[in-house]
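Subject: Structure handover

Hello,

Here is the structure I promised to pass on. Please open it first, then read the notes below it.

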Amino acid sequence: MSNRLPVDHVSGDGDDAVWRPSPGGLVAALEPIMKREDGVWIGWVGIPDAEFEPFEADGIDIRPVSLSAQDVEYYYEGFSNDTLWPLYHDVIAPPSFHREWWDAYVQVNRRFADAALEAAAPGAVVWVHDYQLQLVPKMLRDARPDLVIGFFDHIPFPAYGIYSQLPWRKQVVEGLLGADVIGFQRLADAGNFARAVRRLLGHETRGSVIEVPLGEDEGVGHRHVKTNRRGTRVRTVLAKQFPISIDAARYEELASQPEIQARAQQIREELGNPKTIMLGVDRLDYTKGIGHRLKAYGELLRDHAVDTDDITLVQVASPSRERVETYKQLRDEVELTVSRINGDYSTISHTAISYLHQGYPREEMVALYLAADVMLVTALRDGMNLVAKEYVASRIDNDGVLVLSEFTGASDELKQALLVNPHDIEGLKDAMVRAIEMPKRERARRMRALRKRVLAYDVQRWSATFFDALTHVTAEDDFGDHEIAQRPKMATDTHGQIHERGDR
Ligand code: GDG
């Protein structure tokens, strides 16, 4: 279950509807499991006020959840993108708190949960994705203790001092604790979550294991129930890092296609064959540090630290959340800065920044990765940052330099990148110069090490590891020290319950 389905609507209604797979990595990660396990994908089609019947796409059973225009405004653009997103990214932009947005968030989470309850067989595994659906695990757990519930948080989980600003901080933590396994990108995120649980609910946590006390009549049919050291009956929840990755083999394969390599060459030529091409690829989002990157680059040009005619920065800023006010403002700021730098440093035949406010096919992205001598990932806060991993996987030539922000999840793994603090503009400028001037041998040495990591820890390994933690009794602490779950005696009982809920 994810907010957005892994398909985009192309045209038509009802049985005539035409769908196209959306290119996200999550589909690649989950497709094998979904097919093997006869899985169902629940999510929104991305169009307000549209009703679609369940359908099949590429062998995956799709169950659309519909959202009204007001749901989109309150639950999606409001609570998800203007409350949780800025709050969870360390309040880089101020979060807005509105009670009616929260109410919509609860209602829409309930709708998603109901869709899962209808689809899930007894004892089924339900894997819920991301910050838009944090209440779903508890909703499922309360209705159906037989379910095996996983949650993966794609974005950071903030430190308690920030998280505690959320007026509904307790409900969200309780919502998540409905899961058996809660996955985070980084160790630090899992630590922040455990701290929030201790502070808000007083539950005991030991390592990655959280003990949720059970009421007297609770616990029948739950998994991972035990009596803890104090003699309290608890349900244990595993909350730890499962850093996400990319379909690395697919990027390697694209990068080895002659047409894509030729396109990379053509991009260089069309940019006037500058000595150095630097590249940024981001959704146009304030978490991505695009402004910091532009500031550093502009100063390098101003101070002649790099030769203006020898360098071009290509910045792909794919359109994102354009109806949210903060994003409108960000676009204005970024575009003003870009045009100032171009006005000051471009010539008739050479452009300082090639700025592209567009989305591109994946093939073109790989051609850009191959064409770029230096990749700039300067996020101020980022759960993982897949772009950094995509760049590395695409560099089958073992060339190219990755400049990577310490505030990305990726920096925990990609240690051989040039790690930067994007707030430190001088440090960022130094790293850019170092990347531009790095000798070929050092570039190859670093890239080889980076590639080793990304190819070994790909998205298939990520989903298999998470799934394994969810479905197997693991050696992790005493997470496995549980009473055997009691499955519902008769499937019809469960179904009766489902229909009742669905009718509400
Ligand atoms: C969230 C978290 C976490 C971008 N422009 C185009 C395009 N993209 C693709 C990239 C990459 C993806 O979008 C962006 O992924 P990121 O990880 O960089 O960032 P978010 O969108 O913020 O994702 C993040 C992620 O979830 C996964 O857990 O890593 O921290 O914020 O794959 O290539 N793709 C195409 N055309 C574009 O113009 N085809």
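Some terms first. Helices (H or I, at least four residues) and strands (E, at least two) are DSSP runs, numbered from the N terminus. Two strands pair if DSSP finds at least two bridges between them. Strands of a sheet pair through backbone hydrogen bonds, either parallel or antiparallel.

Now the source. This is a predicted model, in which local features need pLDDT of at least 70 and side-chain atom pairs count only at pLDDT 80 or more, while totals for chains, interfaces and linings use all residues. Residues are numbered from 1 along each chain as its sequence is written, and side-chain values use heavy atoms, with hydrogens and water left out.

**A hairpin and its partners**

Start at β9 (residues 204-206) and β10 (residues 209-213). They form a hairpin with two residues between them. G207 sits in the turn and has a positive phi of about 60°. Three bridges join β9 to β10, and the two run antiparallel. T205 stands opposite I210 in β10.

I210 also stands opposite V237 in β12. β10 and β12 pair in the antiparallel sense, over five bridges. Four of the five residues of β10 are buried (under 20% relative accessible area; exposed is over 50%, partly exposed in between; 1.4 Å probe, protein chains only). The strand is therefore largely enclosed by the rest of the structure.

Next is β8 (residues 181-184). V181 and G183 point one way from this strand, I182 and F184 the other way, and all are buried. Four bridges link β8 to β12 (residues 233-241), in parallel. The bridge partner of G183 in β12 is K240. β8 also runs parallel to β7 (residues 148-152), with three bridges. There F151 stands opposite I182.

**The six-stranded sheet**

An open sheet of six strands has the order β15-β14-β13-β16-β17-β18, with parallel pairing. β15 (353-356) and β18 (418-420) stand at the edges. Each has a single partner strand, so one side of each is left without a neighbour in the sheet. The twist averages 20° from one strand to the next. β17 (residues 401-405) is joined to β18 by three bridges. V403 stands opposite L418 in β18.

**Two buried residues**

S318 is found in β14 (residues 311-318). Its relative accessible area is 19%, so S318 is buried. Leaving aside neighbours within four places in sequence, S318 is in contact (heavy atoms within 4.5 Å) with D282, R283, L284, Q358 and G359.

H357 lies in the loop between β15 and α12 (362-371). At 16% relative accessibility, H357 counts as buried. With neighbours within four places in sequence left aside, H357 is in contact with L284, A317, P319, E322, R331 and E335.

**A helix pair**

The axes of α10 (residues 290-302) and α14 (residues 425-437) come within 9 Å and cross at roughly 65°. Axes are lines fitted to C-alpha atoms, for helices over the stretch in contact, and angles run from 0 to 180 degrees between N-to-C directions. α10 and α14 are therefore roughly perpendicular to each other (65 to 115 degrees; under 35 is roughly parallel, over 145 roughly antiparallel, the rest oblique). H292, R293, K295, A296, Y297, E299 and L300 in α10 meet I425, E426, L428, K429, M432 and V433 in α14.

Best regards
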